[in-house]
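Take a first walk through this protein. We start with the overall layout and then turn to particular side chains.

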Amino acid sequence: APLGMWNASYLMTRAKWYNNGIPNGLTEDIGGAILHPLNGRKISQKVGSLGTAWNWGRFQHWHAVGYPAAPPYSGKLMWDTQASYAYNGSVSGIKPVAIGCNMTGGCSGGPWIRKFGSANQLNGVNSYRLTSKPEELLSPYFDNRAKSLLDSLWAGTP
């Protein structure tokens with residue numbers, strides 16, 4: 001809303017996230033949905049879409065986008081935080097990527113956009129923050145696991 005509401009035909013996530021959740025699945029906290037057309041139009045035809053990027057170096061600059069809802073935010077406006085790589089996360093497995101970001105709860109799942117304004121590539125997601133570091137936000141590193149999920153979603157596109 002206000003441009004419409006598309007119903008999902010199915011949802012998909014990485015098995016490690018589904019089976020383990022927090023904290024053991026955080027390295028694969030990514031997912032997506034296949035949406036039914038609305039009035040004969042795909043959501044991308046109505047609101048646009050992002051490209052994707054994976055296996056890039058960690059030293060990037062992103063636009064992290066979301067709808068933070070915990071104070072001082074209301075969840076009613078989309079926010080864009082511009083930030084560069086800060087450090088690698090500390091969970092086991094392939095290390096997540098951290099950026100400086102003060103968006104609060106509610107922004108989860110929002111995209112990290114690489115090459116904003118030109119290529120507009122999805123290259124991370126608002127996943128979690130550490131209570132000891134409230135001004136930072138982490139995303140799973142987008143590698144072949146992210147590509148595998150996207151390939152599976154595209155194969156099921158209606």
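In what order do the elements of the protein run from the N terminus on? The order is β-α-β-α-β-β-β-β-β-β-β-α. That comes to three helices and nine strands. Keep in mind that this is a predicted model.

Next, the overall form. The radius of gyration of the protein is 16 Å. The globule rule gives 15 Å for 158 residues. The two values are close, so the protein is as compact as a globular protein of that length. Along the principal axes, the C-alpha atoms fill a box of roughly 45 × 35 × 30 Å. Of the 158 residues, 36% are buried.

Now look at the aromatic rings. A pair of such rings is described by the distance of the centres and the angle of the planes. Searching the whole structure gives three aromatic pairs. One of them joins W62 and W112. Their ring centres are 5.1 Å apart. Their planes meet at 50°, so this pair counts as tilted. Where do the two partners lie? W62 belongs to strand β4, residues 61–66. W112 belongs to strand β7, residues 111–114. The pair therefore ties together parts that are 50 residues apart in sequence. Are W62 and W112 buried or exposed? W62 has 2% relative accessibility, so it counts as buried. W112 is buried too, because its relative accessible area is 0%.

Another aromatic pair is formed by Y73 and W79. The centres of these rings are 5.0 Å apart, with 70° between the planes. This pair is edge-to-face. Y73 is at 14% relative accessibility, under the 20% limit, so it counts as buried. W79 has a relative accessible area of 39%, which means that it is partly exposed.

Rings also meet charges here. Which ring lies under the charged end of R58? It is the ring of Y141, and the charged end sits 4.5 Å from the ring centre.

I43 is placed in helix α2, which spans residues 43–47. With 32% relative accessibility, I43 counts as partly exposed. Patch residues need over 30% relative accessible area, so I43 passes that cut-off.

Notes: Residues numbered from 1 in each chain as written. Predicted model: local features only at pLDDT ≥ 70, side-chain atom pairs only at ≥ 80, totals over all residues. Heavy atoms only, no water. Helix = DSSP H or I, 4+ residues; strand = E, 2+ residues; numbered from the N terminus. Buried < 20%, exposed > 50% of the residue type's maximum accessible area, 1.4 Å probe, protein only. Phe/Tyr/Trp six-rings, centres within 6.5 Å; stacked < 30°, edge-to-face > 60°. Lys NZ or Arg CZ within 6 Å of the ring centre and 35° of its normal. Rg over C-alpha atoms; globule rule 2.2 N^0.38 Å.
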